[in-house]
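I opened this chain to look up its surface, its confidence, its cores and a few backbone details. The entries follow in the order I made them.

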Amino acid sequence: MARCILGKTLATVSLSVALASVTVTSSGCRSFPECRNSFSSCGFHLNSNIMSGCTGAKDNSHKKARTSPYPGSKVQRISVPNEKVNWLIEWQDYNPVEYTAFSVLAGPRWADPQISERNFSPKFNEKDGQVERKSRNGLYEIENGRPRNPAGRTGLAGRGLLGRWGPNHAADPIITRWKRDRSGNKITHPVSGKNVLQLVAIKRKDCGEWAIPGGMVDPGEKISATLKREFGEEALNSLQKSNAEKKKLEEQLHKLFSQEHLVIYKGYVDDPRNTDNAWMETEAVNYHDETGEIMDNLTLEAGDDAGKAKWVDITDKLKLYASHSQFIKLVAEKRDAHWSEDSETDCCGL
């Protein structure tokens with residue numbers, strides 16, 4: 001099933017790449033305008049319908065990126081029908097609304113200047129100094145000096161709330177353990193007969209939805225470092241710890257994040273803050289505490305942009321922000337854990 005979803009994901013993205021001449025893991029709020037640099041704020045979180053393996057994926061693969069009003073504003077995108085999303089479809093009258101938030105135009109360290117600024121010459125499709133401008137989808141087109149969204153038209157030009165022209169890279173750490181009874185035995189679901197997996201989830205202050213903790217990748221930072229840092233900041237409140245507590249916390253996190261892990265998804269994500277010229281990409285990685293001993297020594301405590309942090313059971317009834325439920329389903333499949341009481345759930349079961 002995972003192969004079904006991921007395979008069709010790659011096929012869908014590859015098709016978009018080919019047609020446009022041209023696929024994950026943010027959720028501390030090291031946010032762009034509001035919270036320093038985050039993808040885990042509501043607007044930055046994923047809704048990767050592009051991941052869908054369903055028959056209707058063609059129409060739904062670029063849905064959130066066409067919604068109005070634009071997050072955090074009253075700006076309305078021009079309506080882009082499904083049949084006009086692809087850049088190769090001629091649309092002579094296409095005139096998208098131009099919008100870049102004032103918080104981005106103010107020039108914070110995480111944001112690019114405007115394309116028109118004389119001293120700004122970004123190296124698109126390359127590693128530009130410490131800034132990664134390569135896309136995980138491959139090469140993207142440059143039109144009139146601006147990157148063009150590889151998934152198609154969004155009805156909005158500029159950057160909106162995104163800091164970078166082109167791809168904006170994020171990372172989502174999915175921390176799991178087996179649910180156990182008081183005797184330490186794994187709990188099996190009575191219907192599916194599979195062991196129940198648990199996930200560390202945070203409740204966002206800004207939108208009130210439960211999500212995977214994570215955030216934006218800083219310039220020059222390795223994905224692995226982003227994953228560990230964001231989990232510590234959002235789910236363990238590491239920023240408020242004393243030096244001694246931080247040292248102890250770092251030792252425990254090193255045990256968890258240095259072990260074998262599963263990369264669940266990499267690539268473009270259908271996000272409500274995407275525009276014609278700026279878009280989100282992510283890498284979702286699963287770190288699993290098989291015995292539970294590592295996480296037993298860590299107390300969950302919401303920090304940074306999180307309102308709450310807790311362990312939740314992984315099931316198809318768990319509602320997470322945007323595409324996070326799809327990531328979680330893939331984790332359950334990879335770990336052969338319980339997901340649904342419906343034995344007929346297939347690729348379109350989400």
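Entry 1, surface and overall make-up. Of the 350 residues, 55% count as buried; buried means under 20% relative accessible area, exposed over 50%, and partly exposed in between (1.4 Å probe, protein chains only). I noted 7 helices and 13 strands in the chain; helices (H or I, at least four residues) and strands (E, at least two) are DSSP runs, numbered from the N terminus.

Residues are numbered from 1 along each chain as its sequence is written, and side-chain values use heavy atoms, with hydrogens and water left out.

The pLDDT (the predictor's confidence in each residue, from 0 to 100) averages 81 over the chain, and 79% of the residues score at least 70. Over residues 1-58 the pLDDT is below 50, yet the model gives this stretch 228 contacts beyond near neighbours in sequence. A contact is heavy atoms within 4.5 Å. Residues 346-350 also have pLDDT under 50, with 14 contacts beyond four places in sequence. Where pLDDT is low, the predicted coordinates should not be read in detail.

Which residues have the most contacts inside the largest nonpolar core? I found Ile-174, Leu-199, Ile-314 and Ile-328, in a core of 27 residues. Such a core is a set of buried Ala, Val, Leu, Ile, Met, Phe, Trp, Tyr and Cys residues joined through side-chain atoms within 4.5 Å. Strands E7 (166-178), E8 (197-204), E11 (261-268) and E12 (278-289) and helix H7 each give two or more residues to this core. H7 gives the most, with 5 residues. A second, separate core has 22 residues, including Ala-171, Ala-235, Leu-249 and Tyr-287.

I then listed the neighbours of Ile-314. Not counting residues up to four places away in sequence, Ile-314 touches Thr-176, Leu-197, Gln-198, Leu-199, Ile-328, Ala-332, His-338 and Trp-339.

E8 is largely enclosed by the rest of the structure, because 7 of its 8 residues are buried. E7 and E8 run antiparallel and are joined by 3 bridges; two strands pair if DSSP finds at least two bridges between them. Arg-177 stands opposite Gln-198 in E8. E8 also runs antiparallel to strand E9 (residues 210-211), through 2 bridges, and Lys-203 stands opposite Trp-210 in E9.

Val-312, in strand E13 (residues 306-313), is in contact with Leu-197, Gln-198, Leu-199, Ala-201 and Leu-318, leaving aside neighbours within four places in sequence. Val-312 counts as buried at 10% relative accessibility.

H7 is mostly covered, with 9 of its 11 residues buried. Ser-325 is in H7 and is buried at a relative accessible area of 14%. A polar atom of the Ser-325 side chain lies 3.4 Å from the backbone oxygen of Leu-318.

Just after H7, Asp-336 takes a positive phi of about 55°. Ala-337 is in the segment after H7 (324-334) and is buried, with a relative accessible area of 4%. Beyond neighbours within four places in sequence, Ala-337 is in contact with Trp-178, Lys-194, Asn-195, Leu-197 and Ala-332.

Most residues other than glycine have a negative phi, and most peptide bonds are trans. Where is the cis peptide bond? I found it joining Ser-68 and Pro-69, with omega about -5°. Pro-69 is in the loop between helix H2 (57-60) and strand E1 (97-100).

Asn-125 has a positive phi of about 65° and is buried, with a relative accessible area of 19%. Asn-144 has a positive phi near 55° but is exposed, with a relative accessible area of 72%. The place of Asn-144 is the loop between strand E4 (142-143) and strand E5 (146-147).

Key
This is a predicted model: local features need pLDDT of at least 70, side-chain atom pairs count only at pLDDT 80 or more; totals for chains, interfaces and linings use all residues. A polar contact is a pair of N or O atoms within 3.5 Å; within protein, one must be able to donate a hydrogen and the other to accept it, and residues adjacent in sequence count only if both atoms are side-chain atoms.
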